Amino acid sequence: MAQNLPYRLARELPLLAHPAAHADRPHGSRWRSGTKSALLWVALVASATACSRADRPDNDGVGEESSGTDDSTEPEMPTGPPIDMAWPKDAGAPVPPRDSGMPRPAKDSGVVAVPDAGTDAGVEPPIGTDGPLNMAPVVFGPNVKVSDDSGRGQQTEVVMAAHPSGILFAGWMDNRQSPSRCGYSVSKDRGKTWSKNTFASTQGTGRAFAGDPAVAIDDAGNLFAGCQDYASGGLGTNYILLAHSKDEGATWSEFKRVNQSLDKPWLGGTGDGTVIVTWLGNPGGVKRSTDFGATWSQPISLGYINHGTTMSTSDTGLVHMAYNTAETTVTYRRSEDFGVSFEPARNLSPQGQPCRSPCSPRSHPIVGADADPTGKVVAVTWASRQMHADAEGDDDVWVIVSYDAGKTFSKPIRVNDNMNPSRQFQSWAAVDSFGAVHVVWTDLRNGGQNDTYYARMIDLETGFEPNVKVNDASGKAASFIGDYKGIDILGRDVVITWTDNRADVGDIYFARAVDAAAAGGPLMP
Ligand SMILES: [Ca+2]
Ligand SMILES: [Ca+2]
């Protein structure tokens, strides 16, 4: 979200419901529910889908005027039995490393709201893999600067999408000149080098500025660049800007206003020229274009949401959309038809509250999410100060995971493994084609240095591996470092972008961990 817009506390929202109507799906089994281990499944499964992870969540939390949509419908409030939204007492128990010899969580720990537990008989393999399972420790390579500002301008709020062709596409908020703009860069060599930065500027005047980037790549490799135009600096006159490139960023269409809405666009790409856009507001909304944004479907209301959504597309039609509601709840909607329609909202988990103010840099109540290429394994992450057994009372990183295409989710799992009082926040997630969950976050465990840490969870039973530091240099955390960052899977690599303070108040950096995905696709040079 934009740093310099007024923030309005969320109004109370009724807790949403947990409809059971869509309980049955072909992918009905949790792969942790059977006695067979995930590793055995690997031996049994031959098919693979190294697919696009074309979208990335972000969020932002500016609220002011309502409406936000030019053609929205009334907010909908689904009905049904509420789920238990009490924070689980056993959440956040430290998970010993897998080789520590210490007891680890029981196989079924942490799984909530399971209408069908699955049986060993007929349990289908969860995820295909076309290569051996990678179990080596994750190591990130040399950091690469993405923003090409030669001065000391501020670059923050980075997002990133990856395509199996090897294309990486990053966007961020760029303050190297005033008014601020959305900056973008493309890499065609898996992040070794990045293109000269391009920008989306406000189309307004006066106090207008642009920010809150969103990026997506559809299955065909078309790039979509989104940006919020705070058109007059006033409210009710803001727009989502959208442009696309059909040639890997060599040329771009004009940025056009595709929605009048307050703040925080998010994008998902699928097919060839299909883009899904969401926005916050009262109501927030989602709509879809199959012609590169030239024409749009009627918006679907998301009800009142004060922060942006996530958007995880898949090659099966599943689209997972998670978001924060009422500041304290993780809410979720799912599509089974590539975003044409969405099921009613469900509350997935209590979220706790992050240290947004007076903490500096702030921690935002945004959530990040991703799914594997089939959409069957879904991870949603956030940061909050929710107390737990070994709590320091400061921000920690949490994740919930679904292994049944969003039907059920685990209880919150704490990701960061530090034991010193320090803040961990601004987390984001990726899921590889095996179903392993990859989480990245900002970590101040080293005396307030702005460090980026990462952890991998190959299966729920063994939990997260020891945290890994991503950045190879750091500086003291600046007072604002954005509200999100980028992580994606590229073949068998994990790729990450973040706001870095080693040189100034904000640069965009990138790192790649070769062969860090549990499986999926050939190794790339
Ligand atoms: Ca902490
Ligand atoms: Ca800079």
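**Close-up 1. Strand S8 and its paired neighbours.** Seven bridges connect strand S7 (residues 223-230) with S8, and these two strands run antiparallel; strands here are DSSP runs of E of at least two residues, numbered from the N terminus, and two strands count as paired if DSSP finds at least two bridges between them. Within this pairing, Gln 228 has Ile 240 of S8 as its bridge partner. S8 is also joined to strand S9 (residues 256-260) by four bridges, again in an antiparallel arrangement, and Tyr 239 has Gln 260 in S9 as its bridge partner. Strand S8 (residues 239-245) is mostly covered, with seven of its seven residues buried; a residue is called buried if 20 or more other C-beta atoms lie within 10 Å of its own, exposed if 12 or fewer do, and partly exposed in between, with C-beta atoms placed from the backbone. In a regular strand the side chains alternate between the two faces of the sheet. Tyr 239, Leu 241, Ala 243 and Ser 245 point one way from S8, whereas Ile 240, Leu 242 and His 244 point the other way, and all are buried.

The model is predicted, so local features need pLDDT of at least 70 and side-chain atom pairs count only at pLDDT 80 or more, while totals for chains, interfaces and linings use all residues. Residues are numbered from 1 along each chain as its sequence is written, and chains are lettered from A and ligands numbered from 1 in the order in which they are written.

Close-up 2. Four strands form an open sheet in the order S2-S3-S4-S5, with antiparallel pairing. Its edge strands, each pairing on one side only, are strand S2 (155-162) and strand S5 (198-200), and the twist from one strand to the next averages 25 degrees, where axes are lines fitted to C-alpha atoms and angles run from 0 to 180 degrees between N-to-C directions. Strand S3 (residues 168-174) and strand S4 (residues 181-187) run antiparallel and are joined by seven bridges, and Trp 172 has Gly 183 in S4 as its bridge partner. Pro 179 lies in the loop between S3 and S4, and the peptide bond leading from Ser 178 to Pro 179 is cis, with omega near 0 degrees.

**Close-up 3. The largest nonpolar core around Ala 170.** In the largest nonpolar core, which has 118 residues, Ala 170, Val 215 and Val 399 touch the most other members; such a core is a set of buried Ala, Val, Leu, Ile, Met, Phe, Trp, Tyr and Cys residues joined through C-beta atoms within 7 Å. Strand S6 (residues 209-217) supplies the largest share of this core, six residues. Leaving aside residues up to four places away in sequence, the residues that Ala 170 touches include Val 146, Tyr 184, Val 215 and Ile 508, contact being defined by C-beta atoms, placed from the backbone, within 7 Å.

**Close-up 4. Loop residues with positive phi.** Phe 338, in the loop between strand S15 (329-335) and strand S16 (346-350), has a positive phi of about 60 degrees although it is not a glycine. Phe 338 is buried, with 20 other C-beta atoms within 10 Å. Asp 515, in the segment after strand S27 (507-513), likewise is not a glycine but has a positive phi, of about 65 degrees. Asp 515 is partly exposed, with 16 other C-beta atoms within 10 Å.

Conventions. Contact = placed C-beta atoms within 7 Å.
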